[in-house]
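Today I'm looking up ring contacts first, then how some strands pair.

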Amino acid sequence: GFVDTGSTMTMEYSSTLNRIQAIDPVASTNSLAYVSEVRFRDANELYVSANGSDTTGNCSANAPYATIQYAITQAELTATTTNPFVIYISPGIYTENLTFVKGCVALQAPINAQDKNTVTQIVGTINIAVNANADLFNNQVIFSGLQMTSVTDTSVVNHTLLIQDCKLFGTGRQLYVNSTSADQRTYLNNCDISSVWYRDWE
């Protein structure tokens, strides 16, 4: 799991339940009490594959889109805190720049996407510039099981950024959080990142 250093709660992401959950630190280890949670409830599913098509694909597992940005754009047309989306990305190398403007979207690689030659890699910039759906706990941008060159967060509304089971391999600033929102949380879980820059709030 990971720890939100601004509180006494231990934060844990459950891939089975598809949620971030806070564990009561005084609860016994045999009966942990989940006192709070951030989760995607009944998320819509979109699929992306390097062999897919943005023209003829319908975002299903059998007819996926070809590019991640096209899937993000389609998801954000209707994404809200009560109507989130998960985009499942098949293994492959995707050379494209990504931008999020509304959030409530997760990018998810297969469980085995970090194994040897089976990787899901995004080569390009990823800019999180969320300006809608302000909600610290329910507006989440999530990356899971991916290899990425860089992630930048310049959002202006409250939201949560979760990066788990990922590797950032770009040169320079691999993770740069410069959000000007009143409250923004970044959680890192089981990640390989060598360069992190975080805006210093006064």
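This is a predicted model: local features need pLDDT of at least 70, side-chain atom pairs count only at pLDDT 80 or more; totals for chains, interfaces and linings use all residues.

**Aromatic pairs**

I searched the whole structure and got three aromatic pairs. I started with Y47 and Y88, which are stacked, with 5.3 Å from centre to centre and 25° between the planes. This pair links distant parts of the chain: Y47 belongs to strand 5 (residues 44–48) and Y88 to strand 6 (residues 85–89), 41 residues apart. Y47 comes out at 24% relative accessibility, so I put it down as partly exposed. Y88 has 28%, so partly exposed as well.

Next I looked at Y65 and Y70, an edge-to-face pair at 4.8 Å centre to centre, with 90° between the planes. Is Y65 buried or exposed? Y65 is buried, because its relative accessible area is 8% and the cut-off is under 20%. Y70 is at 30%, so I logged it as partly exposed.

**A charge over a ring**

I also found R173 lying over the face of Y176, 3.8 Å from the ring centre.

**Strand 11 and its partners**

Which way do strand 7 (residues 92–95) and strand 11 (residues 118–128) pair? They pair in the parallel sense, over four bridges. Within that pairing I noted I93, whose bridge partner in strand 11 is Q121.

Strand 8 (residues 98–100) also pairs with strand 11 in the parallel sense, over three bridges. Here I have F100 standing opposite I128 of strand 11.

Last, I followed strand 11 to strand 13 (residues 147–153): they run parallel and six bridges join them. N127 has T152 in strand 13 as its bridge partner.

Definitions and conventions. Residues are numbered from 1 along each chain as its sequence is written. Side-chain values use heavy atoms; hydrogens and water are left out. Rings of Phe, Tyr and Trp (its six-membered ring) pair if their centres lie within 6.5 Å; planes under 30 degrees apart count as stacked, over 60 as edge-to-face and the rest as tilted. Helices (H or I, at least four residues) and strands (E, at least two) are DSSP runs, numbered from the N terminus. Buried means under 20% relative accessible area, exposed over 50%, partly exposed in between (1.4 Å probe, protein chains only). A charge sits over a ring if NZ of Lys or CZ of Arg is within 6 Å of the ring centre and within 35 degrees of the ring normal. Two strands pair if DSSP finds at least two bridges between them.
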